[in-house]
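Here are a few exercises to work through with the model open beside you. Try each task before reading its solution.

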Amino acid sequence: AVAAYKDYIKKSPSNADAHGELGNVYYSGGKLPEATQSYYDAANLLIAQKQMERVNDLMPVIAQVNPSLANELAAKMAQTDAQAMPAGVEQANPGQQPQPSPQSALRYY
């Protein structure tokens, strides 16, 4: 299965689902560092596609195995969200204090 997914990814490197499925194969086999890298690759593609809710599904495993990668992804997500907000738009809950960002993705997830 690993070889098949790797071959597919070579042909379609921007397919986030293929990277995620490769991560699932590694995870099922107990290869957590490899799974984490595949999930990280999938998450980066999903961030570029602005599918943040799908990134959130991958973050717990990434944060558990490699908190620095999870922190990097959390920063990318925050930056992408900030860039997506039109200029001059107020926060959704005016009058409320903004929530501090988490110290690390591991603490957040």
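**Exercise 1. Find how H3 and H4 pack, and which residues make the contact.**

Start with the geometry of this predicted model: H3 and H4 pack at an angle of about 155°, and their axes are 9 Å apart. Axes here are lines fitted to C-alpha atoms, for helices over the stretch in contact, and angles run from 0 to 180 degrees between N-to-C directions. H3 is therefore roughly antiparallel to H4 (angles under 35 degrees count as roughly parallel, over 145 as roughly antiparallel, 65 to 115 as roughly perpendicular and the rest as oblique).

Next, the handedness: H3 and H4 cross in a left-handed way, that is, the near helix is turned anticlockwise from the far one by less than a right angle; clockwise would be right-handed.

Now list the residues in contact (heavy atoms within 4.5 Å). H3 brings Leu32, Pro33, Thr36, Tyr39, Tyr40, Ala42, Ala43, Leu46 and Ile47, and H4 brings Met52, Arg54, Val55, Leu58, Val61, Ile62 and Val65. By class, the contact of H3 with H4 has 14 nonpolar residues, one polar and one charged (Ala, Val, Leu, Ile, Met, Phe, Trp, Tyr, Cys and Pro count as nonpolar, Asp, Glu, Lys and Arg as charged, and the others, Gly among them, as polar).

A note on conventions: residues are numbered from 1 along each chain as its sequence is written, and side-chain values use heavy atoms, with hydrogens and water left out. Local features need pLDDT of at least 70 and side-chain atom pairs count only at pLDDT 80 or more, while totals for chains, interfaces and linings use all residues.

**Exercise 2. Decide whether Pro33, Thr36 and Ser38 are buried or exposed.**

- Proline 33, in helix H3, is exposed because its relative accessible area is 56%.
- Threonine 36, also placed in helix H3, counts as buried at 2%. Beyond neighbours within four places in sequence, threonine 36 touches Val61, Ile62, Val65, Asn66 and Leu69.
- Serine 38, again in helix H3, is buried at 5%. With neighbours within four places set aside, the contacts of serine 38 are His19, Leu22, Gly23 and Tyr26.

**Exercise 3. Identify which members of the largest nonpolar core touch the most other members.**

A nonpolar core is a set of buried Ala, Val, Leu, Ile, Met, Phe, Trp, Tyr and Cys residues joined through side-chain atoms within 4.5 Å. The largest one holds 24 residues, and Tyr39, Ala43, Ile47, Val55, Leu58, Ile62 and Leu73 touch the most other members. Two or more residues come from each of H2, helix H3 (32-48), helix H4 (52-65) and helix H5 (67-84). H3 gives the largest share, eight residues.

Conventions: Buried < 20%, exposed > 50% of the residue type's maximum accessible area, 1.4 Å probe, protein only. Helix = DSSP H or I, 4+ residues; strand = E, 2+ residues; numbered from the N terminus.
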